[in-house]
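Subject: Handover of a structure

Dear colleague,

I am passing on a structure that you have not worked with before, and below it I have set out what was found in it. Please keep the sequence and the model open beside this message while you read.

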Amino acid sequence: HGIGAFVLRPRDGGQPAGYAAIVIGRGTVEEPELAYELLPDAQGHGYATEASRVVLAAAFATGRRRIWATIRPWNAASLRVLDKLGGFRHVRTTSDEQGQILWFACEKRDR
């Protein structure tokens, strides 16, 4: 049903680099959330962007029309990933006990 995580590995089959996922998270089954996390040595190589493109396409292929991403304002690397992906727009800002949360939405583009 399009909810799940994928372990990221370099193309050469090396050690795991992190994960990319479509999760319920702060979203819903109908409008889930994009999630990714990389180990420190894997950051800055484009893995999160490449993997996010794949999992977004898979999520939209299930018939979903909107995917969310929530990011803390201090997380510049994750904000850059969304910028590179394109299509995500800032919708609202909320907060919890850990501080602000920026909410971004990506709508399925019909071609």
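Does Leu-34 count as buried or exposed, and at what relative accessibility? Before the answer, please bear in mind that this is a predicted model, and that what follows was computed from its atoms. Leu-34, which is found in strand β3, has a relative accessibility of 3%, and because the cut-off for a buried residue is under 20%, Leu-34 counts as buried.

The overall picture

From the N terminus on, the elements of the chain run β-β-β-α-β-α-β-β, which amounts to two helices and six strands. The radius of gyration of the chain is 14 Å, close to the 13 Å that the globule rule gives for 111 residues, so the chain is as compact as a globular protein of that length. Along its principal axes, the C-alpha trace spans about 40 × 35 × 25 Å.

Of the 111 residues, 37% count as buried, while the chain as a whole exposes about 6,800 Å², with carbon and sulfur atoms supplying 52% of that area. Among contacts between residues at least 6 apart in sequence, 48% join residues at least 24 apart. As for charge, there are 15 positive and 12 negative side chains, and the centres of the two sets lie 6 Å apart.

In soluble globular proteins, nonpolar side chains tend to be buried together. The largest nonpolar core here has 24 residues, of which Leu-34, Tyr-36, Leu-56, Ile-67, Leu-82, Leu-85 and Phe-88 touch the most other members. The elements that give two or more residues to this core are β2 (18-23), β3 (33-38), α1 (47-61), β4 (66-71), α2 (76-85) and β6 (99-107), and the largest share, six residues, comes from α1.

Leu-34 and Phe-88

Leaving aside neighbours within four places in sequence, Leu-34 is in contact with a list of residues that includes Ala-21, Ile-22, Ser-52, Val-55, Leu-56, Ile-67, Leu-82, Leu-85 and Phe-88. Asp-83, by comparison, is 49 residues from Leu-34 in sequence and 14 Å from it in space, C-alpha to C-alpha.

Phe-88 has its place in strand β5 (residues 88-96) and, at 13% relative accessibility, counts as buried. With neighbours within four places in sequence again left aside, the contacts of Phe-88 include Leu-34, Leu-56, Ile-67 and Leu-82, and also Phe-104, Ala-105 and Cys-106. The C-alpha atoms of Phe-88 and Arg-66, which are 22 residues apart along the chain, are separated by 9.9 Å.

Tyr-36 and Ser-78

Which residues is Tyr-36 in contact with, leaving aside its neighbours within four places in sequence? They are Tyr-19, Ala-20, Ala-48, Ser-52, Ile-71, Ser-78, Val-81 and Leu-82.

One of these, Ser-78, has its place in helix α2 and is buried, with a relative accessible area of 13%. Not counting residues up to four places away in sequence, Ser-78 touches Tyr-36 and Ile-71. Ser-78 and Tyr-36 are 42 residues apart along the chain, and their C-alpha atoms are separated by 8.6 Å.

With kind regards

Methods. Residues numbered from 1 in each chain as written. Predicted model: local features only at pLDDT ≥ 70, side-chain atom pairs only at ≥ 80, totals over all residues. Heavy atoms only, no water. Core = buried A, V, L, I, M, F, W, Y, C linked by side-chain atoms within 4.5 Å. Buried < 20%, exposed > 50% of the residue type's maximum accessible area, 1.4 Å probe, protein only. Helix = DSSP H or I, 4+ residues; strand = E, 2+ residues; numbered from the N terminus. Contact = heavy atoms within 4.5 Å. Rg over C-alpha atoms; globule rule 2.2 N^0.38 Å. Areas by Shrake-Rupley, 256 points an atom, 1.4 Å probe, with all protein chains shown as cover. Lys, Arg positive; Asp, Glu negative; His and termini not counted. Charge placed at Lys NZ, Arg CZ, Asp CG, Glu CD.
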